[in-house]
Amino acid sequence: MTTTRVTLKSRAEDLDLLDDILDKVSESESWDDRLTNQLRLVLEELIVNVINYAYDDLDDSLHDIELSIDSNPEQVVIELADDGKPFDPLKDAPSPDLKADVEFRPVGGLGIHLVFKLTDSVAYVREEGINRLTVTKRRASGQ
Amino acid sequence: MDIKTREENGVLLVELDGRLNSTTSSRLEKQIKAWVRSGSQKLLFDCENLSYISSAGLRVLLTGAKLVQKKQGQLVLCKLSPNVREVFEVSGFIDIIGVYDDLSQATQALE
């Protein structure tokens with residue numbers, strides 16, 4: 001089992017850094033292409049959500065977003081901590097209307113839905129002003 | 001991500017190469033708006049070399065689909081990689097945007 005810890009800043013540029021980190025973990029932990037893609041998506045959605053919605057600072061000051069990725073042959077556990085506004089994806093995310101026709105479908109509201117669909121569990125706790133999110137993804141046999 | 005285009009019989013063929021994510025999607029959005037402004041109504045995306053898409057990318061394609069629909073046009077995609085197809089299926093977008101296996105099927109859908 002390996003643990004990768006990194007501190008990202010709440011800015012769009014750090015998403016490229018995230019891509020590089022994921023490529024490295026994927027290679028060292030022998031994730032297959034599908035798992036790598038799913039976790040890349042999960043992390044992008046969660047972190048973009050924090051960058052875009054967690055902060056109201058008028059001066060656009062940067063905040064730290066702590067990320068850890070624990071990977072072993074059975075599962076991958078991702079932990080994310082930010083000091084933004086309280087946001088519980090289990091309660092606060094609007095569920096997107098997936099049945100609506102293109103013309104009537106509202107733009108957005110999808111990211112968190114994809115996170116739930118592509119992972120096995122999502123847990124949230126607010127602790128001393130910090131949002132802590134733990135996402136678990138089981139690895140299928142052979143991955 | 002690279003975006004290559006060519007016009008064929010009134011259809012704008014767009015080849016996407018790379019990752020369509022929250023960093024690259026705004027560039028594609030600007031391009032789509034410019035194409036529609038200059039009269040393109042039929043957009044065909046060749047996704048053979050598109051390795052990744054996130055909700056930001058889906059959103060831009062949906063915005064594009066709505067935009068061309070208003071002009072009685074259509075936006076379709078073809079040759080999705082398994083990873084991109086999975087995101088289309090999980091998001092439900094597979095049912096609201098035309099997705100085809102190959103170029104000829106996608107072209108037919110635009111006629």
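## Exercises on the contact between chains A and B

The count of salt bridges between chain B and chain A is three. The model used in these exercises is a predicted one.

**Exercise 1.** Find the side chains of A:Arg34 and B:Glu86 and state what kind of contact they make.

Solution. Step one: take the distance from N to O, which is 2.6 Å. Step two: compare it with the cut-off for a salt bridge, within 4 Å. The A:Arg34 and B:Glu86 side chains therefore meet in a salt bridge.

**Exercise 2.** Describe the side of chain B that touches chain A, by element and by residue class.

Solution. Start with polar contacts: ten residue pairs between the two chains make one, both residues being at pLDDT 80 or more. Next, list the elements of chain B that each supply at least two residues: strand S3 (42-53), helix H2 (55-70) and helix H3 (82-91). H2(B) gives the most, with nine residues. Last, sort by class: ten residues are nonpolar, eleven polar and four charged.

**Exercise 3.** State the extent of the contact between the chains and the residues of chain B that lose the most area.

Solution. Count residues: 25 of chain B are in contact with 28 of chain A. Then take the buried area, about 2,200 Å², with 53% from carbon and sulfur atoms. In chain B, the most area is lost by B:Tyr52, B:Asn83 and B:Val90, together 24% of what that side buries.

**Exercise 4.** Describe how S4 and S5 of chain A are joined.

Solution. S4 (residues 121-127) and S5 (residues 130-138) run antiparallel and are joined by seven bridges. Within the pair, A:Val125 stands opposite A:Arg132 of S5(A). Two residues lie between the strands of this hairpin, where A:Glu128 takes a positive phi near 45 degrees.

Technical notes. Residues are numbered from 1 along each chain as its sequence is written. Chains are lettered from A and ligands numbered from 1 in the order in which they are written. This is a predicted model: local features need pLDDT of at least 70, side-chain atom pairs count only at pLDDT 80 or more; totals for chains, interfaces and linings use all residues. Side-chain values use heavy atoms; hydrogens and water are left out. Two strands pair if DSSP finds at least two bridges between them. Helices (H or I, at least four residues) and strands (E, at least two) are DSSP runs, numbered from the N terminus. Contact means heavy atoms within 4.5 Å. Buried area is the accessible area (1.4 Å probe) that two parts lose on being put together, summed over both. A polar contact is a pair of N or O atoms within 3.5 Å; within protein, one must be able to donate a hydrogen and the other to accept it, and residues adjacent in sequence count only if both atoms are side-chain atoms. Ala, Val, Leu, Ile, Met, Phe, Trp, Tyr, Cys and Pro count as nonpolar, Asp, Glu, Lys and Arg as charged, and the others, Gly among them, as polar.
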